[in-house]
Structure formats: C-alpha cells, structure tokens
Amino acid sequence: MFQVFAALAGSIRELIVEGAREGLAAARAADTRLGRPPAMDDEQVRHARALLVQPENSVASIARLPGVPRSPLYEHVPELSGAHRQAVGLSVHTWKFHLTWEQSARRVVRPGDGTPNEEKPEPSMNAEQHPAATVPDLYDRSGKRYSLDDPRWRGEDGGPLAVSALPGLRPEQIDTAERSLWRYHAALPVPAARRVSLGEGCTPMVPVDWAGRRVHFKLEWFNPTSSFKDRGVSVMMSHLAAHGVDRVLEDSSGNGGSAVAAYAAAAGIRARIIVPAATSEAKILQARAYGAEIELVGGTRDEVSDEAIRQSEQIPYASHNWHPMFIQGTKTIAYEMWESLGFTAPDNVVLVAGAGSNVIGCDIAFGELLRAGQIDRRPRLFVGQPEHWATIADTFNGVDSAQRGERVPTIAEGASIAHPVRLPEAVEAIRRSDGAACAVPEAQIHAAVRALSARGLYAEPTSSVAAATLDHFIATGDIAPGERTVVVLTGAGLKSTEKMASVFTGPAD
C-alpha cells in the first residue's frame with residue numbers, strides 16, 4: 001500500500017514540475033506581451049529551470065530565489081493549464097511559510113488509522129504546533145487527524161476539534177467586491193461558492209472617547225441577527241450544507257440559537273434549538289420567527305448542553321461551542337480589525353468570554369497574519385468574565401473558582417458558562433498574546449451598561465462585560481495611553497429588554 005502512495009506522490013510531483021516549467025515560460029511571455037517588468041530575470045529563470053531538472057529539489061525552491069515576490073508560485077504563472085494551476089496552487093506555498101512539496105508528500109497516510117506517516121504531533125490543540133498544511137484537515141487534542149469531510153463534531157478522544165493551521169491572508173487576496181466576512185474566503189476552509197450568507201461581518205469599528213483616550217468599539221450587533229454569532233454560524237452552516245445536511249441541532253442561551261435558526265432557514269435546513277428555560281423571551285421569539293423548533297430545558301447552561309449532546313446521536317450537532325467551523329467564522333473579526341486599521345494589528349483587543357470563541361478566533365487569525373508576515377506582533381488579548389462564571393479568567397490567573405462560592409445568576413446571561421469546552425485553548429490564547437484576564441463583579445457590569453448607553457452604544461449586559469474589562473485594565477495600567485485598543489461589543493441591548501430594564505429602572509449601583 002505504501003508503494004501505491006509513493007507512486008502516486010511521484011506522479012503528482014511530475015505534474016507539478018511540468019506545470020511549473022510551463023508556467024515559467026508562460027509568465028515570461030505574458031510579461032513581454034504586457035510590457036511589464038518580469039517577476040524573474042534571466043538568471044533567476046535559468047536557476048529555476050536547473051532546480052526543476054533535479055529530482056531532489058522541490059518546486060517551492062524557486063520561491064527562495066532572491067527577488068521573487070513572496071506569494072504562492074501559481075500567482076506568477078498566470079497562463080498555466082487548469083490541472084497544472086490547481087496542482088501548483090494546492091501544493092506550493094511561499095518560502096516565508098517554510099513549506100515544500102516534499103514536506104507535504106511525506107504526509108503519507110497509514111492504512112486504517114488516518115494518521116500521517118511521520119512523527120506524531122504533541123497532544124495539543126495549540127495552533128503554533130501545527131504548521132500550515134497544503135490541504136487542511138481536523139485534529140483533536142490527542143493529535144489524531146480527520147478529513148474535513150468527516151461529519152464528526154468532536155474527536156475520538158471526546159474533546160473538541162480544530163482546523164489545521166491555514167496560510168494567512170495578504171491584502172490583495174481580499175475580495176473587495178464582497179461586503180461580508182466572505183471577502184476573506186481565501187483564509188477559510190469552506191468553498192465560497194457554497195456559502196450560506198446573510199451579509200454577516202463588515203461591522204463598524206467606532207472611535208469613542210473613553211477615560212480620556214481614543215478607543216475603538218467593534219459593534220457586532222450590526223450582524224444580521226444582531227450578534228457576533230452570525231460569523232461562526234455562517235461558516236459552520238456553509239460547511240454543513242455543502243455536505244448535504246438537512247437537519248441540525250443547537251443548544252443556546254439565545255444568540256447562538258437565533259443565529260443557527262436564521263442560517264438554517266436561509267439554507268433550507270430544519271433546525272431544533274434547545275434553550276435554557278430562563279432565557280429572555282425576546283431571544284426565544286427570534287429563533288421561533290425563523291421557523292426553528294424550540295425545546296425549553298430547565299437547569300443550568302451546562303445541563304442544557306448535556307441534553308443536546310445526548311440528542312446529537314440522532315441529529316447533526318451544529319454547536320457554536322463544539323463545531324470547529326464556528327471558530328473559523330469568528331476569526332474573521334480579527335481580519336476586519338487588521339483591514340480597518342490599515343493592515344496593521346491593534347495593540348490591545350478587549351473581549352468578554354463565555355465559551356471563549358472570540359478569544360480563540362482572534363488568536364487563530366492574528367497567528368495566521370503573523371506567520372504570513374502581515375503583522376509583526378500579536379495584539380494583547382484582555383478578557384473579562386462575570387465574577388461567578390469566570391472559569392477562563394480564574395484558570396488563567398491560577399484561582400480556584402470554588403473559592404467564589406455558589407454560582408449565582410448574572411445579568412450577563414450569555415457568558416454564564418461554567419465549563420467551557422475549549423478552556424485550555426482559550427487560556428493558552430490569552431497567554432500567547434501576553435494578555436490578561438479578570439473576573440468582573442456584577443455592579444461593574446451594570447455600570448458599564450450605563451456608561452456605554454451614555455455614549456450612544458446600547459449594548460446588552462453580556463457585551464458590556466468587555467467595557468468593564470477595559471476599565472479594569474486601564475486602572476491597572478496594563479492598557480496604556482496612546483495604545484490602539486479595540487473593544488468588541490458582541491450583541492445589542494434590544495435583545496435583552498428585561499435585563500436592560502433591570503439596569504435602568506432599578507437603583508444605581
């Protein structure tokens with residue numbers, strides 16, 4: 001069997017080499033015809049042809065030549081035939097990513113277990129340990145890999161899945177004609193032609209005077225269902241629809257369920273949403289309006305999730321906490337920050353966390369941009385959580401959450417998750433950015449709701465945790481004057497009318 005794979009790898013390499021030879025000639029001819037300076041001079045072309053003749057060299061070697069623009073080879077061979085163009089595009093990447101065809105070809109699959117014939121990676125979901133792959137796949141915490149076509153939503157180890165690292169995006173790869181997160185489709189592992197989109201993404205980033213400094217607030221309630229969850233659900237539902245799914249299951253405190261219901265409706269897919277019985281009626285009504293079947297379940301947010309996992313044996317689970325494609329959608333918020341700030345990274349990003357999907361999404365995207373050479377450092381991630389639901393912050397800070405006593409309901413209901421599925425990944429994302437995390441008392445959340453509203457920003461209490469977090473780290477000096485800071489406001493106050501009323505009709509804290 002290994003001989004078969006080796007023969008196949010050799011045949012594909014011959015196709016790539018042939019395509020690259022054809023491309024070198026075609027590119028030079030096109031340059032001459034269009035009267036533009038050649039991407040490679042005569043000496044470089046001779047060197048490249050010599051390299052291609054030698055079987056021990058990879059096609060990617062020509063990307064090492066001085067003066068060759070740092071981008072995929074196929075972009076410099078515009079007249080390649082379709083087969084050659086596809087082969088080169090799939091297997092040859094930039095020298096800055098340090099990828100070669102041989103490295104990809106050595107990933108021969110062992111019969112029966114789906115693992116590559118090379119040293120097994122560390123059992124971690126740290127994206128830094130998984131360099132960008134030619135063809136993306138899924139992996140779990142044990143290091144086992146799965147095809148993107150596999151319908152599973154968690155690994156055989158029982159833990160969550162992640163998508164292997166993807167090449168970062170360059171400004172010229174942005175589809176500027178597309179006004180949605182799909183303008184970054186070159187950085188997504190889902191075919192744009194199969195997308196399920198309602199125009200999500202491209203949300204405004206508004207500069208506001210806050211504590212004597214200029215702070216940008218990213219208003220995610222401009223998404224179609226008025227929350228950031230639309231980003232992840234658009235990519236996740238596109239993936240599921242492309243694989244023929246006709247029914248999905250989700251569990252949600254509100255915003256996630258509303259988003260899944262909306263995008264399922266757009267895709268012509270039936271949806272069942274399992275919702276905590278205490279969820280605000282406005283959020284339940286929105287999911288009902290999209291035609292979803294609503295099932296109310298008593299108990300905590302985690303107990304509701306457990307019920308969904310039980311039902312997932314019969315219905316495909318489109319979970320915003322578990323599904324790896326959801327995280328791929330949330331990462332686009334970081335690409336928008338980068339583009340909005342003139343293709344540079346902010347100094348700080350301030351986030352509220354429940355399950356931590358925005359935290360992990362920002363970590364993935366800024367990591368991709370860093371590896372692509374588009375930014376020179378990661379922004380620091382500052383994360384806040386409601387005091388009695390601060391599992392991520394407490395774990396980061398080495399605090400025993402049990403010391404806080406019994407968990408009590410919070411006005412920031414969307415962040416009341418006791419056991420985040422991706423806890424280690426969220427903690428590592430904060431640590432990798434040299435960021436920080438804090439637990440936010442209830443009174444400070446109330447104060448943040450009022451402070452935002454006083455500036456014309458009607459953010460739901462869960463979103464307002466981010467503003468309280470901003471205040472905390474300004475006070476500690478971690479966020480300094482003159483730094484460029486973006487605060488993500490995840491959802492609108494209009495979706496939490498009862499909670500908002502408790503802030504503005506009750507006594508001031």
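1. A quick definition to start with: a residue counts as buried when its relative accessible area is under 20%. Please keep in mind that this is a predicted model. Tyr 335 has a relative accessible area of 0%, so Tyr 335 is buried. Tyr 184, at 1% relative accessibility, is buried too.

2. Now to the aromatic side chains. The structure holds seven aromatic pairs. One of them joins Tyr 184 and Tyr 335, with 5.7 Å from centre to centre and 25° between the planes, and this pair is stacked. The two tyrosines come from distant parts of the chain, 151 residues apart. Tyr 184 belongs to the loop between strand E3 (162-163) and strand E4 (205-210), while Tyr 335 is in helix H10 (residues 332-340).

3. Tyr 184 and Tyr 335 form one aromatic cluster with Trp 338 and Phe 343. Tyr 184 also has a charge over its ring: the charged end of Arg 183 sits there, 5.9 Å from the ring centre.

4. Another pair to view is Phe 382 with Phe 473. Their ring centres are 4.9 Å apart and their planes are at 45°, so this pair is tilted. Phe 382 lies in strand E10 (residues 380-386) and Phe 473 in helix H15 (residues 461-475), so the pair ties together parts of the chain that are 91 residues apart in sequence. Both Phe 382 and Phe 473 are buried.

5. Finally, one more arginine for your list: Arg 455 lies over the face of Trp 210, at 4.2 Å from the ring centre.

Methods
Residues numbered from 1 in each chain as written. Predicted model: local features only at pLDDT ≥ 70, side-chain atom pairs only at ≥ 80, totals over all residues. Heavy atoms only, no water. Phe/Tyr/Trp six-rings, centres within 6.5 Å; stacked < 30°, edge-to-face > 60°. Helix = DSSP H or I, 4+ residues; strand = E, 2+ residues; numbered from the N terminus. Buried < 20%, exposed > 50% of the residue type's maximum accessible area, 1.4 Å probe, protein only. Lys NZ or Arg CZ within 6 Å of the ring centre and 35° of its normal.
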